[in-house]
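User: Could you walk me through the salt bridges and a few backbone details of this model? I'd like the cut-offs along the way.

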Amino acid sequence: MNISLSSDFADAVPEMAVSWEAVPVVEPELLALNEPLARELGLDPAWLRAGGLSFLVSSKGVAQAYAGHQFGGYSPRLGDGRALLLGELTDAGGRLLDLHLKGSGRTPFARGGDGLAAVGPMLREYLVSEAMHALGIPTTRALAVVSTGHVVQREEPLAGAVLARVAASHLRVGSFQYARNTGDLDLLRRLAGHAIARHHPGSTCLELFSHVVAAQASLVARWMLVGFIHGVMNTDNMTISGETIDYGPCAFMEAYDPTTKYSSIDHRGRYAYGNQPIIAEWNLARLAEALLPLFADDEDEAVSLALATLRTFDEHFQEAWIGGMRAKLGVSGDVKPLLQDLLALMHENNVDFTSFFHLLGKAARGDAEPVRSLFLDLAAADAWLARWRELGPDGEAMDRVNPVYVPRNHLVEEALAAGADGDMGPFDRLLKAVTSPFGERPGLEYFAAPAPQDFSATYRTYCGT
Ligand code: AMP
Ligand code: MG
């Protein structure tokens, strides 16, 4: 089978595309293959299984240049240190998508890194990105994970793997920071032109920025609505398309607490759950700075246009967040006071975020006991439930938006540990649960339950190594 890939990115901005070849795999073994996605992409799953994937993960591509603010500090040169863009392909619906490898060996952007990835983190990205997709949240998709036979040295020697993924594009805020930082306005203009052609044909640069602001506001609101914590919202991990990208130390919040963070490298909680909207806005301000010369010739005018657009973030975010919460609560009208009181109550009572909304659906249909059991302060819970019931909640509508199964941290760890030991059973079962997240299914109780207390207290995620 011949895969026809285009090279639009490399053609548009060759200065930002270093031709490179993946390190050959030693002993490839297919660990996970997304057959439905393969078919959508026009790739024959049988061909992929029969060795097509080994061919793919040993392909030629380009390492993309980008810069980025990492935990607030600027690095002018990051780039794909261990990843390659193989090219763009057109899916069955006519959409142009990037086909990309992660863990494919050192590139000229690798700095001190080994260019490799371990099986666990690549399976984690596969699992969580597919769960996000099933939740209706824009994200890169996972096509496959192939273990390579390489030994990856971390705290201990680990089995190496390559993840093949697809994305609307891999253009990041950091891509624009890189182009701007070169001082080459023509490059910046070409990059913006490429992004516009790809994502918002016919737009001006200011309109492009405005689209990105709206898309990111909506994206982060959707994260917040399912309790997703990205974990490392550096500007190089924020897309122009509005898709979630780079699942490193990400996690789903269990007990509701806005200060929740799981990442072992996020000491100060910069990327904690409740900070995500403000961080997104901060990152978008960095994008505005990079694009400034394209907004207007006069700098003052460019700044005021950028600021006016940036200010729309909050409006977009609030709209998506409140609208989403209305749906989760199954009611219409003004929910702000009710919501504020609920979040305070959930925080005080350490209420599991996902379970609460799932069980609230049962309360809407007359069985309030399961949701009541999540609270210590029953009187306060009953008072809140009474106010909520007065609004006439629609339980069936709630069940369509409140997931029962999300990739809970203890389940993910269990699946990855087994996967690293060669047993893909737990991974496959968890994947099945979280890729049909809505509606309770008999026999899957285990996947709906919060982590045991002693697990949650000490849980940390490690960067996507
Ligand atoms: P991340 O935080 O995973 O998005 O990565 C940030 C930067 O570090 C990117 O430029 C990556 O390409 C690079 N990087 C991360 N891990 C490695 C590795 N093992 N080898 C080379 N580069 C890496
Ligand atoms: Mg990254």
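Analyst: Happy to! Buried means under 20% relative accessible area, exposed over 50%, and partly exposed in between (1.4 Å probe, protein chains only). This is a predicted model, in which local features need pLDDT of at least 70, side-chain atom pairs count only at pLDDT 80 or more, and totals for chains, interfaces and linings use all residues. Residues are numbered from 1 along each chain as its sequence is written, and side-chain values use heavy atoms, with hydrogens and water left out.

User: Is E125 buried or exposed?

Analyst: The relative accessibility of E125 is 1%. The cut-off for buried is under 20%, so E125 counts as buried.

User: Thanks! How many salt bridges are found in the whole structure?

Analyst: A salt bridge here is a side-chain nitrogen of Lys or Arg within 4 Å of a carboxyl oxygen of Asp or Glu. With that rule, a search of the whole structure gives 23.

User: Which residue meets E125 in a salt bridge, and which elements do the two lie in?

Analyst: The side chains come together at 2.8 Å, N to O. E125 lies in helix 4 and its partner in strand 9, so the pair ties together parts that are 40 residues apart in sequence. Helices (H or I, at least four residues) and strands (E, at least two) are DSSP runs, numbered from the N terminus. The partner is R165.

User: What is the phi of D246?

Analyst: Most residues other than glycine have a negative phi. D246 sits in the loop between strand 10 (228–229) and strand 11 (251–252), and is buried because its relative accessibility is 12%. D246 is not a glycine, yet its phi is positive, at about 60°.

User: And N350: where is it found, and what is its phi?

Analyst: N350 is found in the loop between helix 11 (336–348) and helix 12 (353–364). N350 counts as exposed because its relative accessibility is 56%. Again this is a positive phi in a residue that is not a glycine, about 50°.

Methods
Chains lettered and ligands numbered in written order.
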